[in-house]
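Please read them alongside the coordinates.

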Amino acid sequence: MNIKPFGALALATTLALTAACGSSSTGSETGNATDVALRMTVWTSNDAQLKLLNSIGDAYRADHPEVTSITFESLPFADYNTTLTTQIAGGNAPDLAWMGDLSKDLIAADALVGLTDKLKATEGWGYDDLVDSATAEFSRDGTLYAYPFSNSPFALYVNTDLLAAAGQKIDPATLTWDQVAAAGAAVHAKTGKAGFVIRDFDYKSWNTLATVWTGWGAAAWSPDGKTCTFGSPQMRQAFTFLHDAAFTTKAMPGPGTTADFFAGDAAFTIAQVSRASLLTGSFKFGLYPLPAGPAGRYAVLGQAGVGVLASGKHKDQATDFLAYLTNPANAEKLAQFFPPPRKSLLTGAKLAANNKVLNAAQLQAAVVDQLPGAVTLPNHTSPAEIAQKGKTALDAMWKADADIPAVLDSVCAAIQPILSK
């Protein structure tokens, strides 16, 4: 997302000032409140998804007459973080919110309600059913602050019609990035279509390149988040691969060139499994785990969580509704759109039950088998500031004569002061 910088310190200050001014006189934060109107911000505008959310909300209200309404407020994805932080700063925080890369700031600022005790105490909720790799991103000191409702691994989509047109064949079981690049270059030379595309990258959103560089054993920063590692030998090798693909072999569209795999314009794309809904049946396709890199097989995960805002007007009721929204029965309903974090639901057959595009074998291989060891896209406090400074430094990479080591060192020079805060 492209958002204004809104760091953990600024957010914490805002929340402190809001609390000092007193809460709104509308409603109550006690469990005995009446006439409670809950509001949850989401970034989806999909009619089917909103219909499902509203049906779950209606079912909850039927047993909780004190909750007079549950509104799912759809905010534009591109402006979601900015709008949410503006609402919080203005004393108009929602009761619940979806969150992605803003989660680190919200957790660091104590802006979210801890969920672990409530979820463990809710009969039949099954806290032990959660996959550890899914909850790590939204936890601190053993407490879960957002339920990871969507856990969608990145996968390799293949346009098998384009490969056939270029006389190319691949073996998904042994596929490597070098083989993808070779086949992609051949497709481009033969058909004029693009080879491989990293969806949503577009030479701007560099964190999506983690879907590639992780295969080289590279990382944006150290595990504790304090030290930039863009200058590592592994990262240099990964960016050399990407640079060669863009400027030498033409296996990847260069800067200023767009190609939409789902419109039939590329042989391969790296995208989340949830993007399969964009397939229209206009070409034959395959879906496989990410290709192996020099460091071996790996998996990368895109996540979204839902949490309760500490500055919301109805924390108790919002937490209770979150427990209902995410219980096993409702998690199974939501799984048709969002891969769940529950072990009991993570089988190819169960995920395929409501999936109109992917079959059980594809979902087993690309989702279920990938989740246990998956890493997430780079996420840190002050994500917007890091994203912008990193992009500015990386702009020099996307020239035919780029000095790759020097550019990567400049990225660390740009973002290290933020990591060190």
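1. Buried area here is the accessible area (1.4 Å probe) that two parts lose on being put together, summed over both. Between domain 1 and domain 2 it comes to about 1,500 Å², with carbon and sulfur atoms giving 61% of that area.

2. The model is predicted: local features need pLDDT of at least 70, side-chain atom pairs count only at pLDDT 80 or more, and totals for chains, interfaces and linings use all residues. Residues are numbered from 1 along each chain as its sequence is written, and side-chain values use heavy atoms, with hydrogens and water left out.

3. The protein chain is split into domain 1 (36-152 + 302-366) and domain 2 (153-299 + 376-420); the bounds come from an automatic or database domain assignment. The C-alpha centres of the two domains are 29 Å apart. Domain 1 puts 18 residues into the contact and domain 2 puts in 17, where contact means heavy atoms within 4.5 Å.

4. Between the domains there are 6 residue pairs in polar contact, both at pLDDT 80 or more. A polar contact is a pair of N or O atoms within 3.5 Å; within protein, one must be able to donate a hydrogen and the other to accept it, and residues adjacent in sequence count only if both atoms are side-chain atoms. On the domain 1 side, the elements giving two or more residues are α4 (103-108), β6 (147-159), β10 (300-308) and α14 (360-368). Helices (H or I, at least four residues) and strands (E, at least two) are DSSP runs, numbered from the N terminus.

5. Salt bridges between domain 1 and domain 2 number 0, the criterion being a side-chain nitrogen of Lys or Arg within 4 Å of a carboxyl oxygen of Asp or Glu. By this rule the structure's count is 12. One of them pairs Asp265 with Lys193, closest N and O atoms 3.6 Å apart.

6. The structure has 1 disulfide (cysteine sulfur atoms within 2.5 Å). Its partners are Cys228 and Cys412, with sulfur atoms 2.0 Å apart. The S-S torsion is about -80°, so this disulfide is left-handed. Cys228 lies in the loop between α9 (210-213) and α10 (233-247) and Cys412 in helix α16 (residues 404-419), so the bond ties together parts 184 residues apart in sequence.
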